[in-house]
Amino acid sequence: MVTTQDVRQVAMSLPRTTEHLIRDRVKFRVGRIVYVSLSRDETLMGFAFPKEERAALVASDPGRFLMPRPSDERYNWVCARLAGLDTAELAEIVTEAWRMVVPKRVAAAHLGT
């Protein structure tokens with residue numbers, strides 16, 4: 001099981017990331033774009049994810065992944081239960097969410113691609 005501190009450690013290691021507390025929720029963003037957000041009770045993590053792929057992700061493991069609330073379905077967003085993730089999965093999820101919002105050249109420079 002991962003914690004909020006694990007999420008923070010991964011997110012803050014990524015270039016241009018800033019952490020914000022907005023309406024009692026911890027959010028990580030690049031500029032004004034949020035790519036990871038924690039629920040108030042810090043049991044769920046919302047993250048940037050392609051809309052066209054999220055139904056398949058949720059169907060593949062509904063115990064760990066869930067659709068965003070209806071008001072967020074218009075965005076590239078999905079949610080995960082932190083208790084169901086390990087640190088390797090967390091690092092991959094957060095990094096890929098960050099990659100969706102950061103300029104391609106920044107991602108390439110950081111990831112060495």
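**View 1. Side-chain contact between S39 and D41.** A polar contact of 2.6 Å joins the side chains of S39 and D41 (N or O atoms within 3.5 Å, one able to donate a hydrogen and the other to accept it; residues adjacent in sequence count only if both atoms are side-chain atoms). The model is predicted: local features need pLDDT of at least 70, side-chain atom pairs count only at pLDDT 80 or more, and totals for chains, interfaces and linings use all residues. Residues are numbered from 1 along each chain, and side-chain values use heavy atoms, without hydrogens and water.

View 2. S39 lies in the loop between β3 and β4 (strands are DSSP E runs of at least two residues, helices H or I runs of at least four, numbered from the N terminus). With a relative accessible area of 13%, S39 is buried (under 20%, 1.4 Å probe, protein chains only). Neighbours within four places in sequence aside, S39 is in contact with R25 and L44 (heavy atoms within 4.5 Å).

**View 3. The largest nonpolar core.** This core (buried Ala, Val, Leu, Ile, Met, Phe, Trp, Tyr and Cys residues joined through side-chain atoms within 4.5 Å) has 33 residues, of which Y35, V36, M45, F47, L85 and V94 touch the most other members. Elements giving two or more residues include α1 (4-12), β3 (33-38) and α3 (87-101). The largest share, six residues, comes from α3.

**View 4. Contacts of V94.** Beyond its neighbours within four places in sequence, V94 is in contact with V10, A11, L14, Y35, V36 and M45.

Terms used:
Buried means under 20% relative accessible area, exposed over 50%, partly exposed in between (1.4 Å probe, protein chains only).
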